[in-house]
Amino acid sequence: MKNLAFLLLLSLAVSSCTAHRVKSKFKQTHMSEYASGVLIQEVETQKLVFQHQADHYFMPASNAKLVTFLEANRILKDSIPAFRYYETPDTLFFWGTGDPSLGHPDLKGNALFKKLASSTHKVLVLADSDKHVMPLGAGWAWDDYMDSYSAEVSLLPMYNNQVRITLKDGKMSVYPEYFTSQVNIGQTLFHHRDRNSNQFDVPMIKTGENLFVIPFLTSTKQTADLLNYEIKVPIITQARAYDHRSQLAYAGKVDSLFLPMLQDSDNQIAEQLLYLMAAKRNWSGPTHKIIENLTKEDTLLAPLRWVDGSGLSRYNLMRPKDLVAILLQLKKEVGEERLFKLLPESGYSGTIRRLKPENAVSRFWAKSGSFGNTYNLSGFYRNGKGKMYVFSIMGNLAKKQTSKIQMETINLLNALR
């Protein structure tokens, strides 16, 4: 009993020392000078280590992807619903499910291509309706439409909804080739796309290899044209509600989508995961309707203002206490081993591969989220003694470079050592 009491007192003393170190480190930062919120607690005991405005709302940026991940893992299980279809003796009706892997340069999904190529003896009807999708999210910056992180959302995305233009020693190649005739070289100093059409300009660079990744405008008609180019068979567009006899075709594992969403913070995949969930539930979009339905299913989401799947929207509002609750739920439902393989790891992978704790033995697995004047980091920290902490550190509206907010975040975590 004496030994047990001694160990208990020792544990309390260690916890108290850690809390004191974190509190002292926070005072040394400038976090109190801008909108910031912090919650750090022990995982095993759920004992509070430190909190600062943990019940205040902040813009989560890409930390919102943790919410998308939680819901998608529950609903999609392990497989991707690649497309929906219904066949008659002479016609194949098909609908997009939002699967972002089709023709993706890295994911290389081709299930729908194969299905259509094997059905060329039938009339092929793309039955999607543009009214069920909003290509750009609410609260997205309107002038980001040319940037690779702002690819459009669509019911049947292809090629990541982006054009990849490579200039190698002055010679151009375009993926997909469909857009080659719509690319002009040398008429601009920067890459550019017309606001209202798929006309692209890239600068002439005669040396080395240069890659320009530019989102293209999407629509059901554009999708039909791309499919026609891919399989060389006409695609008819005819908006129709899901036929009750239709069925989902599955292809690929969901972890192949979770990995780039979490590691590389791929916004387009995050947005499309909402539509994959809708397809599984037989719901229709656009995004806000899908999120409303998900929120009705899960009380954990009730306190959030959740607007999009990626966190690009500045309308999203979440609290450090919400993100910690979501992380603990993820650990419970996903399992620590799989979760830590999917999340970026400090000093090793993803968006935090260049961030390392001062203590070489310590490490953390976390989702970062940033845009101008904002940096957030939420995840799990294992210190040099093996103790695990869950944390959410959110810094918003700072009149300083994002890299400096990031540095203060890491300095605070170092106090856990």
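Aromatic ring pairs come to 13 here, and please keep in mind that this is a predicted model. Let me walk you through two of them.

Take Trp95 and Tyr242. Their ring centres are 5.8 Å apart and the planes stand at 90 degrees, so we call this pair edge-to-face. Where do Trp95 and Tyr242 lie? Trp95 is in strand S4, while Tyr242 belongs to the loop between strands S12 and S13, so the pair ties together parts that are 147 residues apart in sequence. Trp95 has 1% relative accessibility, so it counts as buried. Tyr242, at 30%, counts as partly exposed.

Now for Phe179 and Phe200. With centres 5.9 Å apart and planes at 80 degrees, this pair is edge-to-face. Phe179 sits in the loop between strands S7 and S8, and Phe200 is in strand S10, so parts 21 residues apart in sequence are tied together. Are these two residues buried or exposed? Both Phe179 and Phe200 are buried. They also belong to a cluster linked by ring pairs, together with Tyr178, Phe216 and Tyr229.

Look at Tyr85: Lys115 lies over its face, 4.7 Å from the ring centre. Over at Phe93, the charged end of Arg240 sits above the ring, 4.1 Å from its centre.

You will find Ser101 in the loop between strand S4 and helix H3. Why does Ser101 count as buried? Its relative accessibility is 9%, and buried means under 20%. Leaving aside residues up to four places away in sequence, Ser101 touches Leu107, Lys108 and Gly109.

Notes: Residues numbered from 1 in each chain as written. Predicted model: local features only at pLDDT ≥ 70, side-chain atom pairs only at ≥ 80, totals over all residues. Heavy atoms only, no water. Helix = DSSP H or I, 4+ residues; strand = E, 2+ residues; numbered from the N terminus. Buried < 20%, exposed > 50% of the residue type's maximum accessible area, 1.4 Å probe, protein only. Contact = heavy atoms within 4.5 Å. Phe/Tyr/Trp six-rings, centres within 6.5 Å; stacked < 30°, edge-to-face > 60°. Lys NZ or Arg CZ within 6 Å of the ring centre and 35° of its normal.
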